[in-house]
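Student: Could you show me how to read a structure I have never seen before?
Tutor: Gladly; let us look at it together.

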Amino acid sequence: MSDNKCDAMKNLLEVSFALDDLRLFLDTHPYEKEAISCYQLYKDQRNKVLEEYEQTFGPILSYNVNDENQWTWVESPWPWEGEV
Amino acid sequence: MDIYQADLTIVPKDCEIQGIPKLPCDEPDTSELSMPALGMAYVPAQRFRELYDLSTGFRTGTIFKELDLPFYGIGGTLL
């Protein structure tokens with residue numbers, strides 16, 4: 001995996017993890033306004049990072065394959081193919 | 001060593017097993033320490049503060065600095 005791709009994936013995983021952890025907090029503190037706005041902030045950030053990743057490197061989930069001329073899901077390497 | 005007599009209805013006849021050894025944990029512990037007085041547990045509610053940045057949180061396994069605690073237990077025992 002190229003450095004760029006690796007960094008982009010790392011950014012996505014980091015912000016996704018923060019959202020997972022915030023969700024656990026909010027499950028027990030559903031009225032904590034500061035945490036809710038933090039969740040919103042990271043959620044927007046994740047959407048942005050995900051969009052950037054998918055535009056550059058292709059869809060992460062097949063649900064996100066865009067309406068194009070060909071099925072882009074199979075264009076990037078499969079996980080077991082290792083290096084790009 | 002004390003043993004429990006083997007249950008010969010489930011052990012094959014040609015098996016030499018006499019039984020299984022009795023272990024200390026098989027005896028009900030009736031010492032005073034095993035029956036402490038009832039207590040009430042109190043866990044303070046976590047507050048929303050001191051967040052790690054995204055990268056540190058990811059590496060640490062929590063974004064909450066307060067929950068970044070040392071764990072020494074390994075393999076079901078304390079070292």
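Tutor: Here is a short tour, taken one feature at a time. This is a predicted model, in which local features need pLDDT of at least 70, side-chain atom pairs count only at pLDDT 80 or more, and totals for chains, interfaces and linings use all residues. Residues are numbered from 1 along each chain as its sequence is written, while chains are lettered from A and ligands numbered from 1 in the order in which they are written.

Student: Which helices and strands are there in chain A?

Tutor: Helices (H or I, at least four residues) and strands (E, at least two) are DSSP runs, numbered from the N terminus. Chain A has 2 helices and 0 strands. Chain B has 1 helix and 4 strands, in the order β-β-α-β-β from the N terminus.

Student: How do I describe two packed helices?

Tutor: We use the angle between their axes and the distance between the axes. Axes are lines fitted to C-alpha atoms, for helices over the stretch in contact, and angles run from 0 to 180 degrees between N-to-C directions. The axes of α1(A) and helix α2 (residues 33-57) of chain A come within 9 Å and cross at roughly 155°. That makes the two roughly antiparallel (an angle over 145 degrees). Their contact has 18 nonpolar, 4 polar and 4 charged residues; Ala, Val, Leu, Ile, Met, Phe, Trp, Tyr, Cys and Pro count as nonpolar, Asp, Glu, Lys and Arg as charged, and the others, Gly among them, as polar.

Student: Which residues make up the largest nonpolar core?

Tutor: Such a core is a set of buried Ala, Val, Leu, Ile, Met, Phe, Trp, Tyr and Cys residues joined through C-beta atoms within 7 Å. A residue is buried if 20 or more other C-beta atoms lie within 10 Å of its own, exposed if 12 or fewer, and partly exposed in between, with C-beta atoms placed from the backbone. The largest core has 7 residues: Val15(A), Ala18(A), Leu22(A), Phe25(A), Tyr42(A), Leu51(B) and Ile63(B). Helix α1 (residues 3-28) of chain A gives the largest share, 4 residues.

Student: Is Glu50(B) buried or exposed?

Tutor: Glu50(B) counts as exposed because it has 11 C-beta neighbours inside 10 Å. Glu50(B) sits in the loop between β2 (19-21) and α1 (54-60) of chain B. Although not a glycine, Glu50(B) has a positive phi of about 50°.

Note on methods: Angles under 35 degrees count as roughly parallel, over 145 as roughly antiparallel, 65 to 115 as roughly perpendicular and the rest as oblique.
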